[in-house]
Amino acid sequence: MKVCVLSSGSGGNSVYIEAGDSAILLDAGLSEKKLSARLALIGREAKDLDAVFVTHEHSDHVSGLGPIVRKHQIPLYTTEGTMRKISHRAGRLPAWHPIRSEEPVTIGALSVEPYATPHDAEESVAFIIRDENAKLGHATDLGCVTPFVREKLRHCTALLMEANHDIDMLNAGPYSWPLKQRIKSELGHLSNESCGELLADVTHSGLRSVVLMHLSETNNHPEIAAITARQALGDSTARLILAKQNQPSELLSIDPSV
Ligand SMILES: [Zn+2]
Ligand SMILES: [Zn+2]
């Protein structure tokens, strides 16, 4: 399996994943033009996507969704709750497949399992993705780590994990009081500290890569997020990568032997 975080943060989120001849996107939070341009940087094309999966209806995850699935006739996979929220603004959609927490969907060589996340959206999910070799755990846009989330993320070969904010920077920062409360709530976003606590719990000898996701440009510093995660990983040899808002990551190989 190979993964590229095309964009991550409140300005837009999208992750490209492939295995064998199969390729999918998780979320389409950039315009079709930008998503296609970023795919081109890794030598891939939107017309070759077999599916687009969506985590939830917030605009940083769906702003480019209608155009990309329409233009390239890509089947769309969302929960019923997400579809209720996006159907009126996404325009006509090609083929929609409802998904449910803990019911894996097979897309060629990939198995994509949605799992419910605590977030202030209608029926939000994150994903566990498997191919014959590896398990990728995706965990963004969650306000807290439930025992259920913790169990889902065990034994992963790689993790795409939210490290949204530093608590002190958020508290001292420019956001309004209600927005600060929303971000800190159990239905908001994961702090560096919570991310670190979760990483310390689920790390194991087979964990090869950790990508920190959805970093706030206002309430976080990449260095602080990285130091917290590195400390949490202890003596793990996992590679630590920070996903960016303005450029795609490398096309990472997710394989237990790499
Ligand atoms: Zn969200
Ligand atoms: Zn988001």
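1. Strands E11 and E12 (residues 209-213) pair in the parallel sense over five bridges, where strands are DSSP runs of at least two residues (E), helices are DSSP runs of at least four (H or I), both numbered from the N terminus, and two strands pair if DSSP finds at least two bridges between them. Within this pairing, Leu 160 stands opposite Val 211 of E12.

2. Please keep in mind that this is a predicted model, in which local features need pLDDT of at least 70 and side-chain atom pairs count only at pLDDT 80 or more, while totals for chains, interfaces and linings use all residues. Residues are numbered from 1 along each chain as its sequence is written, and chains are lettered from A and ligands numbered from 1 in the order in which they are written.

3. Strand E10 (residues 135-139) is also parallel to E11, joined to it by four bridges, and Gly 137 has Leu 159 as its bridge partner there.

4. Five of the five residues of E11 (residues 158-162) are buried, so the strand is largely enclosed by the rest of the structure; buried means that 20 or more other C-beta atoms, placed from the backbone, lie within 10 Å of the residue's own. Ala 158, Leu 160 and Glu 162 point one way, and Leu 159 and Met 161 the other.

5. Thr 140, in the loop between E10 and helix H5 (residues 147-152), counts as buried because it has 27 C-beta neighbours inside 10 Å. Beyond its neighbours within four places in sequence, its contacts (C-beta atoms, placed from the backbone, within 7 Å) include Leu 160 and Glu 162.

Terms used: A residue is buried if 20 or more other C-beta atoms lie within 10 Å of its own, exposed if 12 or fewer, and partly exposed in between; C-beta atoms are placed from the backbone. A crossover is right-handed if, with the strands pointing away from the viewer, the path from the first strand over the helix to the second runs clockwise. Two residues are in contact if their C-beta atoms, placed from the backbone, lie within 7 Å.
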